[in-house]
Each structure stands twice: as C-alpha cells, then as structure tokens.
Amino acid sequence: MNNLHFVPKMRTLRQRMAEHMVPVGDESSEDEAETKWEEQQIKKAVKLPQETYSDASLCKPQPAKPTFGPCVSLPPVNLETIKKQLAERIASLQDVHRAHQREYGKYMEDIESSKITVQELEKSSDAAMNYKFYRGMKTYVENLVNCFNEKLKYIDELESAVHALLQQQATSVLKRRQDDLKMESAYMQHLTAGNGKPTNDGLESDERMKLLKHRRACRRQLRARSQKAAHHEGMSSDDELCVTELAEFQKSKDNILEESRKIFEDVHADFCDIRKILLKFQEWKEKFPDSYCDAYISFCLPKLLNPLIRVQLINWSPFEQNSADLEEMPWFRAVKEFSDVKKSSESKRDGDPDEEVLPRVIERTILPKITAFVKSVWDPLSTSQTENLIRLCNNVFEKQVLSRSECSQAKQDLINMVVLRMKKSVEEDVFIPVYPKSAVEDKSSPCSQFQERRFWSAVKLLSNVLLWDGIVQEDTVRDLGLSKLLNRYLLLNLFNTPPGPENIEKCKEVVARFPERWFQNLGSGSTLPELLNFCQHLLQCARTLHRNNHR
C-alpha cells in the first residue's frame with residue numbers, strides 16, 4: 001500500500017544548496033555538508049534570542065517611586081456657590097430643552113403638512129382620470145373650433161345677405177323720400193312762379209303727386225282709426241312699402257331664414273347648443289377651478305360663442321319693437337345663467353371672471369352689429385326706430401356699467417356712428433322753403449301746406465335728436481338740435497309766421513322737445529346760449545299779442 005508519486009517530489013532548500021555546493025554523485029560529501037549547515041543554523045537560532053533579551057532588559061524603564069508633597073489647598077465651597085452653579089446648569093438645560101421643543105414643533109408641523117399634502121395628492125392622485133378629462137376637453141374644443149371654422153363662411157354669407165336686404169329697403173325708402181321732396185319742391189316752385197303745373201315730365205310728375213297724396217290719405221285714415229291726437233302733417237316718416245315690394249322683401253327674407261336654419265342641422269347638439277357648450281366649461285370650472293382660471297376661459301368664451309349668437313341674430317333688428325329685447329333670446333338667457341353661477345369654494349382666487357362673459361359678448365358681438373345697422377339701415381327721421389334704438393342702447397349700456405370693464409371702444413364707435421348719421425340727416429333731410437307772404441296767406445294753398453309739412457318734419461327730427469340726450473354728449477346734442485336745427489331752419493320759419501295761435505302752437509311744440517335737465521341749474525332770467533334768439537322771438541311774440549289784447 002505504498003503511495004505512488006506521479007511527479008517528482010519538491011526538493012528542500014538543503015537539497016538545492018547541496019546541489020550547487022558538491023557534485024551530485026558524491027553522497028558522503030553531501031551528508032557532511034548537510035550536517036555542517038544544520039549545526040550553523042542551530043547556533044544562530046540559539047544566539048539571537050539571547051541578544052534580543054539582553055538589549056530589551058537594558059532599555060526597560062524602571063518604575064517611578066511615588067513622592068508625597070505638601071497638601072494642596074482647594075477653593076472654599078459654600079451652599080450659595082453650589083446653588084448658583086446648579087441654577088446656571090438648569091438654565092442651560094432649559095434653553096436646550098426649549099430649542100428641542102421648538103425643533104420638535106417644527107417637525108410636527110412638517111409632519112402635519114406632509115399628511116395634508118399626502119391627502120390632497122391622494123384625492124387628486126387619480127392622474128389617469130384627470131388626464132382623461134383634460135384630453136377629452138381638448139378634443140372637444142378642437143372639434144368645436146373646427147366645426148365653427150367650417151360653418152363660419154355660411155354664417156357670413158347669410159348675415160351679409162340679410163343686412164344687404166335691409167339696407168336696400170332703407171335706401172329705397174330714403175331715395176323715394178328725397179325724390180318726392182325734389183319733385184314736390186319743383187312743383188311748388190312752378191306754382192309760385194305763376195306757370196301753373198310744370199310741363200317737363202308733366203305726366204310723370206302728376207302720377208307721382210297722386211301716389212304721394214294717396215299715401216298721405218292712407219296714413220290719415222290709419223291715424224283716425226287709431227285715434228292719434230296732436231299729429232301734424234309732415235311728421236310721418238313716409239316709409240311705407242307697396243304690397244309688391246313688401247311681398248318681395250318678405251320672400252327674400254324668408255329664404256335667408258330658411259337657409260340659416262340649415263346651417264347646424266348636421267351638427268350634434270353638443271356643438272351647436274350654447275347651453276350645452278357652457279355646461280362643458282362649467283364642469284371644468286367646478287372640477288379644476290384654478291386651471292380653468294389659468295386658461296382664461298372667460299376671455300375666450302365670447303369669441304367662441306360668436307358664430308352661434310350671430311345665427312340667432314340673423315332675424316333680429318334693433319329698430320323693431322318685437323325683436324329689440326335681447327333678454328328674451330335663448331343665447332342671452334344661457335349666457336346669463338352661466339355668468340350667475342356661484343364660484344367654486346375650492347378656488348383660491350378672488351372674484352369670478354365669468355361675471356364678465358355677458359358684458360364681453362355684448363362688447364364683441366352685439367355692439368358692432370348695432371353699429372352696422374345704424375350706419376346702413378337706421379332712419380333718424382323715424383321716431384319708432386329711434387325710440388327702439390335708444391331703449392336698446394340704454395339697456396345694453398346699463399349691463400356694461402354693471403360690469404367691471406372700462407369704457408369700451410365698441411360703445412364709443414356706436415355713439416360716433418349715431419352722431420354721424422344724425423349730422424347727415426340734418427344736412428340732407430331738412431328743407432323748409434320760404435315763399436312770399438301772398439303765397440302762404442291762404443292756409444289751404446299747396447305752398448302753405450308744403451311749407452307746414454316741411455316745418456313739422458324738421459320738428460320731428462329735432463325731437464329725435466334730443467332723445468339721445470343722456471347717451472350722446474350734451475354738447476353734441478345741443479349743437480345738432482339747437483345750433484343747427486332750431487337756429488338754422490326752424491327759427492326762420494317762426495320769424496316769418498305772424499304772431500298768433502299758430503305761432504304759439506309751433507313754439508310750444510318746439511319747447512316741449514327740450515330736456516328739462518338742461519334748465520335745472522340756470523338762474524332766474526337766464527337761458528342757454530343757443531336759445532337766446534328763440535327767447536327773443538318768444539318775448540317779441542308776447543309783446544305783440546299783449547298789444548293786440550290776445551290772452
């Protein structure tokens with residue numbers, strides 16, 4: 001059972017040294033060398049510990065012997081010193097304790113704040129639902145805008161068509177009135193010249209005069225049936241349309257309205273019903289009020305709703321009493337309900353920006369539309385149109401005053417256009433002829449009747465101009481009504497009218513048109529600068545009547 005060596009055994013150090021010292025074949029010499037080497041190593045091993053021990057014993061320090069000196073004197077100790085030191089120690093510990101308490105309180109506040117934050121995050125941690133809502137709202141708004149962009153060109157076309165139809169009607173009435181005035185003036189001029197009836201285009205003039213007299217007779221019959229009192233010839237607007245013109249106008253208007261009803265017939269109610277659109281944004285406001293305010297939705301809604309509001313206003317006119325009330329329209333009620341909804345209590349902002357939605361809708365949509373009607377359709381000689389327009393303006397401006405918005409540019413543009421149209425009407429529609437006294441002594445003569453009609457037409461325009469007091473600046477109204485109308489046209493006729501009941505009636509009718517507030521702050525015996533000539537005329541008439549014993 002001997003071990004088998006598969007590799008040569010590792011040689012020892014002695015074997016390697018002997019191999020270099022003596023030849024390999026000399027075994028006796030090898031043994032002697034090995035023995036001699038062992039003896040040398042043993043001697044070295046015995047000698048080294050002894051030297052080390054002797055060196056260490058020489059370097060070892062000797063233990064110091066304790067010495068006892070005289071007694072050291074310690075500072076005196078009493079109870080007060082100990083108390084003072086303890087008090088200082090306690091105060092120091094209390095300061096540290098208070099610092100620890102403050103730090104502890106701060107940590108507790110941080111913990112409570114962290115808990116509240118965690119709760120808020122847990123409440124709003126439904127990121128998936130929030131993302132789904134915002135994503136759905138984004139898609140809805142994009143589809144809504146795309147829908148309006150697609151329909152906007154049709155809305156513009158229909159709106160322009162109905163506006164052109166109304167403008168054409170107003171222009172036709174104005175042109176007919178001016179042509180009738182020129183024709184009747186020329187007719188009277190020939191009568192005063194003693195030439196009889198005019199020969200140029202005599203047949204056509206006779207036909208037009210007959211038609212003009214027929215319209216006046218029809219208006220007198222209507223006034224008689226309606227029992228209207230205190231009406232003077234010439235105070236009618238003469239804006240009646242013949243049956244053919246009226247039927248053609250109504251047919252064209254009905255066609256436009258029929259087309260307007262088809263604009264959104266292929267659109268889902270969520271994208272064309274103002275109330276449902278506003279409910280979408282109201283849901284956003286209730287769920288995320290801060291992001292709703294950050295998105296400035298209250299500024300965007302008036303522009304977004306503009307196409308739908310314009311469609312509802314296609315059949316609307318500010319001059320018709322039945323349609324002038326905007327508050328009864330569906331879009332107005334929907335926007336007002338949306339503006340009146342109370343602000344969410346979760347919002348950290350002051351004030352509700354949605355309160356300004358309705359005033360901004362009026363600013364961006366209603367006022368420009370009214371301005372366009374005033375520019376192209378309004379007849380300043382029509383009292384009914386003027387009264388309806390003033391009532392509408394007062395109502396609209398009142399809603400703007402209730403808002404926090406400043407004076408709007410659209411409102412100023414509307415007032416400027418009103419003034420411009422009244423100036424134009426004063427320059428083009430007022431004409432009071434002056435005839436010889438012999439031609440107007442007979443009150444039944446054509447010249448006298450024509451002159452009276454023109455006077456009362458100017459009085460009617462004066463009344464319509466002064467109705468704007470309170471909306472248009474007082475200086476502008478006084479300049480148009482008193483300086484240009486009264487002093488330039490009406491006074492000339494009053495000066496040529498003999499003092500008497502007729503002159504008194506004319507003066508009373510003129511004075512009745514003046515706003516009372518103009519005279520509230522005037523002193524006794526004074527008047528407005530523009531009324532000095534008129535007052536002189538009244539004083540002269542009073543003196544003349546007194547001399548003639550007229551009571």
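**Entry 1: α7 and α9.** I started with α7 and helix α9 (residues 297-312), which pack at an angle of about 170° with their axes 11 Å apart. Helices here are DSSP runs (H or I, at least four residues), numbered from the N terminus. Axes are lines fitted to C-alpha atoms over the stretch in contact, and angles run from 0 to 180 degrees between N-to-C directions. α7 and α9 are therefore roughly antiparallel, the label for angles over 145 degrees. I looked up the contact (heavy atoms within 4.5 Å): α7 brings I274, I277, L278, F281 and W284, while α9 brings I297, L301, L304, L305, L308, I309 and Q312. By class I get 11 nonpolar, 1 polar and no charged residues.

**Entry 2: what I'm working with.** This is a predicted model, so I note that local features need pLDDT of at least 70 and side-chain atom pairs pLDDT 80 or more, while totals for chains, interfaces and linings use all residues. Residues are numbered from 1 along each chain as its sequence is written, and side-chain values use heavy atoms, leaving out hydrogens and water.

**Entry 3: α13 and α16.** Next I checked helix α13 (residues 409-429) against helix α16 (residues 474-495): the angle is about 0°, with the axes 11 Å apart. That makes the two roughly parallel, a label for angles under 35 degrees. V419, M422, K423 and V426 of α13 meet T476, L480, K484, L485 and Y489 of α16. I sorted this contact into 6 nonpolar, 1 polar and 2 charged residues.

**Entry 4: salt bridges.** My rule is a Lys or Arg side-chain nitrogen within 4 Å of an Asp or Glu carboxyl oxygen. The count comes to 22 salt bridges. I picked out K151 with D266, whose closest N and O atoms are 2.9 Å apart. K151 sits in helix α4 (residues 127-192) and D266 in the loop between α6 (243-261) and α7 (274-287), so this pair links parts of the chain 115 residues apart.

How values were computed: Angles under 35 degrees count as roughly parallel, over 145 as roughly antiparallel, 65 to 115 as roughly perpendicular and the rest as oblique. Ala, Val, Leu, Ile, Met, Phe, Trp, Tyr, Cys and Pro count as nonpolar, Asp, Glu, Lys and Arg as charged, and the others, Gly among them, as polar.
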